[in-house]
Amino acid sequence: MAGRVLITGASRGIGAAAARLFAREGWDVAINYNSSREAARRLAAELSGLEVRAVPIRADVSDLEQAEGLVREAEYSLGGLDCVVCNAGIALPQQLLTDTTAEQWRRLMSADLDGMFYVLKAAIPGLVRQKRGAIVTVSSMWGLTGGSCEAPYSAAKAGVIGLTKALAKELGPSNIRVNCVAPGVVATDMNGHLTPQDLAALEEETPLGRIGAPEEAAQAVVFLASDRASFITGQVLNVDGGMVI
């Protein structure tokens, strides 16, 4: 069944790929972006050609008022929400925890974990009122295993998994499913700093022997949002080529 979805961080990468897949399945899409205004507008125009509603909405989800405003505007523009995909996030340069400043730690936590809390706190009441819905969060393989020189990012993404599992229990009685996708190494801007040598090493560590595409992670997001996953909640779906087994 198609519905109405809000995707945070939807102007590029996994978020944009998910927006395209949702639209192809007939969903109306609210495309959240923060700084990539033109990319979001181009994506909305592209999706509108599929005869669905596609609305770009600017908001920095790490700001409580902006996150609340994002949800209100998405609900107004689409006539309500059936799914929320929490995908927005940032990463820091790879570095030792002792080289990480308090400002860097706070900035990453605000974007990757606080922002998810703010968006969901605003969106959940509408889902509860209609007694149905789905939430899909986006974590990382580092949220499961931890990554050397990725301590803040690993901590935030582990928090995403804990939040997902807790909300699955909390919202299950309201017929709201909450699941998580944990991508491995995917060809997105966030991994654009990796050198060819880094990528070759990661490919060698991956059982499937290659880097993932944003569309492959997006397929998991759309599946968990859909009725095809109607009896699945509280789960973490790894999309990592077998990196974490």
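Predicted model: local features only at pLDDT ≥ 70, side-chain atom pairs only at ≥ 80, totals over all residues.
Strand E2 pairs with two other strands, E1 and E3. With strand E1 (residues 4-7), the pairing is parallel and extends over four bridges; Asp28 of E2 is the bridge partner of Arg4. The chain passes from E1 to E2 by way of helix H1 (residues 13-24), in a right-handed β-α-β crossover. With strand E3 (residues 54-58), E2 also pairs in the parallel sense, over five bridges, and Val55 in E3 is the bridge partner of Ala30. Here the chain crosses from E2 through helix H2 (residues 37-48) to E3, and this β-α-β crossover is right-handed.

The largest pocket holds about 1200 Å³ of space. Its lining comprises 50 residues, of which Gly89, Ile90, Ala91, Tyr153 and Met190 lie nearest the centre. Elements giving two or more residues to this lining include H1, E2 and helix H7 (196-205), and H7 gives the most, with four residues. By class, the lining of the largest pocket divides into 21 nonpolar, 21 polar and eight charged residues.

The second largest pocket has a volume of about 240 Å³. It is lined by 14 residues, with Arg132, Gly133, Arg177, Ala225 and Asp227 closest to its centre. Five nonpolar, five polar and four charged residues make up this lining.

Notes
Residues numbered from 1 in each chain as written. Heavy atoms only, no water. Pairing = 2+ DSSP bridges. Right-handed = clockwise from strand over helix to strand, strands pointing away. 1 Å grid on protein atoms, 1.4 Å probe; cavity = no way out; pocket = protein on both sides within 12 Å on 5 of 7 lines; lining within 4 Å. Points joined across faces, edges and corners; volume = space filled by probe spheres on them. Nonpolar A, V, L, I, M, F, W, Y, C, P; charged D, E, K, R; others polar.
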